[in-house]
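Please look at the structure before reading on.

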Amino acid sequence: MNHIAPRRRRLVLIGNGMAGVRTLEEILQRTPHRFDIAVFGAEPHGNYDRIMLSPVLAGEKRFADIVTHDRDWYRSNGIALIAGEAAVAIDRDARTVTGALGSVRPYDVLLIATGSTPVVLPIPGHKLPGVVAFRDIADVESMIAAAGQGGGNAVVIGGGLLGLEAANGLLRNGMHTTVLHLMPSLMERQLDPVSSEMLRADLVDRGLRTILQANTAAFLGTDRVEAVQLADGTVLPADLVVMAVGIRPAAALARDAGLACNRGIVVDDGMRTSDPAIYAVGECVEHRGALFGLVAPLWDMAKVAADRISEVAETDYRPAVSGTRLKVTGIDMFSAGDFVGDDTTETVVYRDAAAGVHKKLVLRDDRLIGAVLYGDASDAGWYFGLILDAADIAEQRDLLVFGPPPEGGASDPVAAELAVAS
Ligand SMILES: Cc1cc2nc3c(=O)[nH]c(=O)nc-3n(C[C@H](O)[C@H](O)[C@H](O)COP(=O)(O)OP(=O)(O)OC[C@H]3O[C@@H](n4cnc5c(N)ncnc54)[C@H](O)[C@@H]3O)c2cc1C
């Protein structure tokens, strides 16, 4: 008797980045032969670890070191990679995706993982050559090219994690680098004012110039950027300007296709969009009103989407606290959870000014809910575990700020360390 094998289902992924490819890996683990998979990727590469762009800019790694999935990976998993061709239209009636160069792929299930777009300040001169973002390897290559053999002036707009990592990289490339930050303290979303000031002093020691409460008014230049003008009239020479003032979910394609979008593509707990045949993961999504900018939550989204797409389980995405580290060699910091507190919380602070160490722990009802560690973040994994587990710390409270007890702690520090975005 002749058996006709059922047609494999067609899965199309738009966005060949960290969240999308992680979801494919999870799907392949669950159901290796269920789908014919095609991937549209706007970037002309396989997939790479975007987080590691900072060490590439700083000259500590090469691009080849951070590639996580080369073209062989796609080939050996039977995945058609359409790299260097952005998807430009989703036809939800015909169930097809069309690329900028004319490729058309039909789907039974579509996964959107288009990530984020850097925010560009719409101020005069923002389109001048030499004004760049910090999002992909092409941005890093243009920064390294602008640095040339060293020398020249760079201005980084934005004193958050991304801006400071860019500034550190440019310094390492020999550029005189100034960070302009609108707020009164650097990395105010991750650091309390004390640790923020310690960080600023450490960066200044390395040769970075910082101007806080700086309001950028215009980029000056004719053929390319030559200077940055502040609202108070200050003019800073600039051969290169890096804008690192924030990101926005890349939701335009989904919006054009009529999917429900607010700031991001709206997904339910199962990572499904308003069209049941279309899922979305990563920084392009909005889940219960929240947006995303770190990888740890994306890994959880990938598992849920894979369970659902493979139809092996109906799991739900549950947001968890994420931790942050600054990837500047020699600067040891960690921040997680609510490190500000309010009138329902207690704060424990440890400060060793001579050693440059500051720790701030925020407690509520005998639970650790947030931490900032600066100068010595060696116990970050342990504290992060306590936060994630909502562990009762009543008995360790007095010694908590000194780190885990010698015999270990309430949580598994190794597991917790792995959970910290790294
Ligand atoms: C320099 C830098 C340092 C970072 N450091 C950290 C860190 O230390 N810790 C941390 O947790 N996070 C960090 N992040 C954030 C982290 O990289 C992101 O959270 C993560 O990459 C988001 O994954 P994603 O798949 O949603 O988006 P991406 O990884 O950006 O992937 C989206 C992909 O989709 C492509 N795309 C977009 N539109 C289309 C289209 N229409 N058609 C086809 N392809 C399309 C994009 O080109 C991109 O390749 C950093 C980010 C940067 C830029």
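A polar side-chain atom of Arg50 is placed 2.8 Å from an oxygen atom of the ligand. This distance belongs to a predicted model.

| Residue | Protein atom | Ligand atom | Distance |
|---|---|---|---|
| Ala19 | polar backbone atom | oxygen | 2.7 Å |
| Arg50 | polar side-chain atom | oxygen | 2.8 Å |
| Ala87 | polar backbone atom | nitrogen | 2.9 Å |

On its own, the ligand has 1000 Å² of accessible area, and the protein covers 92% of it. Two or more residues of the shell around the ligand come from each of the elements α1 (18-30), β2 (35-41), α6 (161-172) and α9 (295-309).

The ligand is surrounded by 31 residues, of which Ala19, Glu43, Arg135, Glu283 and Lys327 are the closest. By residue type, the shell around the ligand holds 16 nonpolar, nine polar and six charged residues. Domain 1 (9-117 + 247-309) and domain 2 (131-243) each supply at least three residues to this shell.

The other topic is Ser195, which belongs to helix α7 (residues 193-205). Is Ser195 buried or exposed? Its relative accessible area is 0%, so Ser195 counts as buried, the cut-off for buried being under 20%. The side chains of Ser195 and Asp192 form a polar contact at 2.3 Å. Leaving aside residues up to four places away in sequence, Ser195 touches His358, Val372 and Tyr374.

Technical notes:
Residues numbered from 1 in each chain as written. Predicted model: local features only at pLDDT ≥ 70, side-chain atom pairs only at ≥ 80, totals over all residues. Heavy atoms only, no water. Near = heavy atom within 4 Å. Polar contact = N/O pair within 3.5 Å; in protein donor to acceptor, adjacent residues only side chain to side chain. Areas by Shrake-Rupley, 256 points an atom, 1.4 Å probe, with all protein chains shown as cover. Helix = DSSP H or I, 4+ residues; strand = E, 2+ residues; numbered from the N terminus. Nonpolar A, V, L, I, M, F, W, Y, C, P; charged D, E, K, R; others polar. Domains from an automatic or database assignment. Buried < 20%, exposed > 50% of the residue type's maximum accessible area, 1.4 Å probe, protein only. Contact = heavy atoms within 4.5 Å.
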